[in-house]
Amino acid sequence: MQIYALALEKGGVGKTCLAVNLAAAFSRLNLRVLVIDLDAQAHASYWLGIVASSIRPEDSVLGVLNGRAVVDCVRTTAEGVDVLPAHAALASLPVQLATAPNSGLFVLQDALGKLCLPTPRYDVVICDLAPARGPVLATALAAATRCITPVQPEDLVMRALQALVESVGQAQRVNPQLRGMSIIRNRYAPRSAGDQIYDQLLREAYRTQLLKTIIPVRAALRDSAGLQQSIFRYNGPDANEVRNVFLDLVEELIVLDGAA
Ligand SMILES: Nc1ncnc2c1ncn2[C@@H]1O[C@H](COP(=O)(O)OP(=O)(O)OP(=O)(O)O)[C@@H](O)[C@H]1O
Ligand SMILES: [Mg+2]
């Protein structure tokens, strides 16, 4: 079971967009996919068609972090992927984790471990994280097999990336399954001179972590969110092009990690 943690402390870089569409792309290959929404904003839950405000906290991902079985809290979606929805009360999770044994570092690892008995229930688990460092990120990285981070060509993003490298390094000390971090360039306009400068910086500093697939700026990715559809259900302009980008990304990840 591959467990991807989608993270970056900088907000609005495309973590949720990547979580939803990557999940849908894996599902198109008939892989069993679970999205775990670990952000109190509940954007991934919303994008996948779940109204988080109608869910009791104990039926959300919070229930699982407090010991309930994943299978009791998951929802199916029209995308063919399951989701463990977020809840607004997740905002207080860092405080809860701080008082738990080992600062709650292994609660997600334990919950996902139980999903593998007797055999793995999912092939791919995708955790969508809030734009923050701290205990929730640490808990997700303690369970993950790979951290994936979307980056945009901006100075502040490059700084956040350095902080994430440190978090991943720390997590690898407690989680030997965590292979490392991969960087995907999002919202890129390759012909812009500004983007080319940051691209060069990325290539120099993160050559081995940089994925080949690049996600371009496309209104389809913004507009599909409002319709609560992944790019695979959305039928507007450019949908086909963007679907192929996500399928390329899945192929690249399968080469890195295997399919299940
Ligand atoms: N390549 C893209 N082209 C066009 N719009 C995009 C692209 N990537 C993301 N977006 C849009 O940008 C907005 C922010 O993206 P998203 O919510 O995925 O970022 P995030 O990193 O999850 O934000 P947060 O840190 O607040 O959780 C969304 O409306 C999303 O649809
Ligand atoms: Mg998000």
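**Entry 1: two helices in contact.** I started with the residues where α1 meets α11: Asn21, Leu22, Ala25 and Phe26 come from α1, while Phe246, Leu247, Leu249 and Val250 come from α11. I sorted the residues of this contact by class and got seven nonpolar, one polar and no charged. I kept in mind that this is a predicted model.

Next I wanted the geometry. Two packed helices are described by the angle between their axes and the distance between those axes. For helix α1 (residues 15-28) and helix α11 (residues 239-257), I noted an angle of about 75 degrees and axes 9 Å apart. I therefore wrote down α1 as roughly perpendicular to α11, since angles of 65 to 115 degrees count that way.

**Entry 2: the ligand shell.** Which residues are the closest to ligand 1? I found Gly11, Lys15, Thr16, Cys17 and Pro131, out of 20 residues that surround ligand 1. I then asked which elements supply at least two residues each to this shell, and listed α1, β7 (181-188) and α10 (219-226).

**Entry 3: His87.** I went to the loop between β4 (82-84) and α5 (93-99), where His87 sits. Is His87 buried or exposed? I put His87 down as buried, because 22 C-beta neighbours lie inside 10 Å and the cut-off for buried is 20 or more.

I then set aside the neighbours of His87 within four places in sequence, and was left with contacts to Ala52, Ile55, Pro57, Ser60 and Leu62. I also checked His87 against Ala23, which is 64 residues away along the chain, and found their C-alpha atoms separated by 20 Å.

**Entry 4: the whole chain.** I stepped back and counted eleven helices and eight strands in the chain. The radius of gyration came out at 17 Å, close to the 18 Å that the globule rule gives for 260 residues, so I noted the chain as being as compact as a globular protein of that length. Along the principal axes, I read a C-alpha trace spanning about 50 × 40 × 30 Å.

I recorded 47% of the 260 residues as buried. Of the contacts in the chain with a separation of 6 or more, I recorded 77% as joining residues 24 or more positions apart.

Technical notes:
Residues numbered from 1 in each chain as written. Chains lettered and ligands numbered in written order. Predicted model: local features only at pLDDT ≥ 70, side-chain atom pairs only at ≥ 80, totals over all residues. Helix = DSSP H or I, 4+ residues; strand = E, 2+ residues; numbered from the N terminus. Buried ≥ 20, exposed ≤ 12 C-beta atoms within 10 Å, placed from the backbone. Contact = placed C-beta atoms within 7 Å. Rg over C-alpha atoms; globule rule 2.2 N^0.38 Å. Axes fitted to C-alpha atoms, helices over the stretch in contact; angles between N-to-C directions. Parallel < 35°, antiparallel > 145°, perpendicular 65-115°, else oblique. Nonpolar A, V, L, I, M, F, W, Y, C, P; charged D, E, K, R; others polar. Near = placed C-beta within 6 Å.
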